[in-house]
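Colleague: Please put the model up, and we will go through it by question and answer.

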Amino acid sequence: MLAARKQGNIGSIFANSFKGELPPQYIHLKKEISPKDPSLIQNAWQRLESAFEKEAPHIKALGPKVIPQVNYQDILNGEFPSNMKDEIRKRGCVVVRGVVPADVAKGYKQQVLDYIAAHPGQIPGFPEHDQQVWELYWSKAQVEARSHPHFVQTTTALNKLWHAQEDSMVDLETNLTYCDRLRIRKPNDESFVLREHLDGGSTERWEDSCYRKCYTDILAGQWEKHDAFDATYRLDAKMQLHDAPGGCEMFRTFQGWLALSSANSGCGSIRLCPLVKETTAAIIMRPLLQDILQTSSMGGAYPGTQIDIDPVLLPQVTDICVSVPDIYPGDAVFWHCDLVHAVDPKCKQSTDSSVFYIPATPLCNINTSYIQRQRETFRLGLTPPDFPGNNAEKDFDDRAKPEDLSKLGKLGMGFERIEPKHKLTKGAQAAIDKYNHVLNLD
Ligand SMILES: [Fe+2]
C-alpha cells in the first residue's frame, strides 16, 4: 500500500516541532544507556572539549577553505583521490566541482522554471505566498540529473568512503535514487532559514536499539574510537519512530545537492560544522552530562522532527559552523548523515540560489523497500512516500515517466535488474538478490 502523508510543504517539519518538556520515559532511557560509572562520560566530555579547543581555531582561520574540494575529473573508477579520502572523512563533507557541466546545470534550472510556468497555481511550495522550495519531484530535469552518469559516479564514490562487514547486506558500489524536491531561492529571501540541525531522525538515535549501536563507542565514553563510516548498524536503524513529516526513510550516507546556479559563500547557501566525529560525540553525549542527566531533556532533540542544535547546550558545535565556498552551476555539495548543517539566514546575492536535493543512497534493504514504494509513486505521478502528499504532478502530461529513464535511471529507480559488475561480499550479493526479488526483477 502506498504511504499517504498529509499535504504540506518543507515547512511542515518545523510546524510539527514539539519543544516542551519530554515525558519521563526519556529519564529511564538515559539511565538505561548511560555507563554504570558516570565518570566515563564526564572524562570523555573533558577530552572532547580539549579536541574542540584544538580544532576550532584552525577551522575558523580557514573558514570555507576548510571544506574539502575535489574536481569531478579526479574521481576515477568511482573513488575519490586517495589523498582526499581521510580529509573528507574527518570533515564529513565535500564540495565536488563540475559534477555536470555548467550549461547542463543551468539548462536543468530553465527546464524547471518552464515546468513551473506551465502549471500556474498548481504546485505547492514554501513559503506559501512566495514559493521557493517547490513540491516537485518528477520534472524531467530532476529525473535526468539524479541519474546523470557523473552524479552516479560521485555518489558511488561517496558510498565507498563507508565500509561494512562481510555479511552486512549492503552494496556500497551501487547507488539507488532518492527523489527529493528542489529550491530556487530568490535574492534577498529571508524565509528559508534553518539554523544548525541534524536530519535522519531525532531521539531515534538514542531510542532505537539498532540506531544506538552506531554510537556504542561514544556511549561507552570512548568517542575517539567512533567510526562514522561504519555502515553495519545503519542498515537496520529505525530513523522514523515518530513519523516526522518530511523525514527521510532511506539510509543516506551523505545528504547533498547539485547547484543549478552560482551561490556566493555565506550569501544564501549552506553552512556546515566540519568535524563529524567530534560533533556527533557531543550531540550523543550531551543528554548524559550531569547537568541534565536526571531530567528528560535529550539535549535539544525532540521526537518527530530534526535535531535542532541548541547553541546554549552545544556551543562547541555551533561555534565551528562555516559557510561552504563559492559554488558554481554544476558543482555539488555533500555532507555526512550525522553532520550538523544550516542554511544562511539571507540570500544576499543579486541572483537566485538554486539546487536539486539529491543524496547518496547505497543499495541495502531499507533502501530497496523504499525504492519499491517510490517506484509506484513515480509510475502514477504521485508525491514520493517520504513527502507531504500533495500529488501535484499527477495530471501533468509533461512530467517524467518511466520510459524517460536512461539505463542508469532504471537501475536506480527499480525498473531494471541489477547485475553485479564487481567482486561482491556475501552481504552485498544478498542485498542485490533481495533488490531484484522485491522489485520483481528476478
Ligand atoms: Fe537538513
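Colleague: Are Tyr178 and Phe387 buried or exposed?

Modeller: This is a predicted model, where local features need pLDDT of at least 70, side-chain atom pairs count only at pLDDT 80 or more, and totals for chains, interfaces and linings use all residues. Residues are numbered from 1 along each chain as its sequence is written, and side-chain values use heavy atoms, with hydrogens and water left out. Buried means under 20% relative accessible area, exposed over 50%, and partly exposed in between, with a 1.4 Å probe and protein chains only. By that scale, Tyr178 and Phe387 are both buried.

Colleague: How are the planes of the rings of Phe229 and Phe254 arranged?

Modeller: Rings of Phe, Tyr and Trp (its six-membered ring) pair if their centres lie within 6.5 Å; planes under 30 degrees apart count as stacked, over 60 as edge-to-face and the rest as tilted. The centres of Phe229 and Phe254 are 6.2 Å apart with planes at 40 degrees, so the pair is tilted.

Colleague: What is the relative accessibility of Phe229, and the relative accessible area of Phe254?

Modeller: Both residues count as buried. Phe229 is at 4%, and Phe254 is at 0%.

Colleague: Which residues are the protein donors of the iron ion?

Modeller: Donors are N, O and S atoms within 2.8 Å of the metal (3.2 Å for Na, K and Ca); water is not among the atoms, so sites may look incomplete. The donors follow the spacing H-x1-D-x141-H along the chain. Lying 2.1 Å from the iron ion, they are His197 (NE2), Asp199 (OD) and His341 (NE2).

Colleague: How many residues apart in sequence are the parts that Asp199 and His341 tie together?

Modeller: Helices (H or I, at least four residues) and strands (E, at least two) are DSSP runs, numbered from the N terminus. Asp199 lies in the loop between β7 (194–198) and α8 (204–207), and His341 in strand β13 (residues 341–343), so the parts tied together are 142 residues apart.

Colleague: What is the order of the open sheet of 8 strands, and which are its edge strands?

Modeller: Two strands pair if DSSP finds at least two bridges between them. The pairing in this sheet is mixed, and the order is β1-β2-β12-β8-β14-β6-β4-β3. Pairing on one side only, the edge strands are β1 (69–71) and β3 (125–126).

Colleague: In which sense do strands β2 and β12 pair?

Modeller: Val96 stands opposite Ala332 in β12. Over 4 bridges, β2 (residues 93–97) and β12 (residues 332–336) pair in a sense that is antiparallel.
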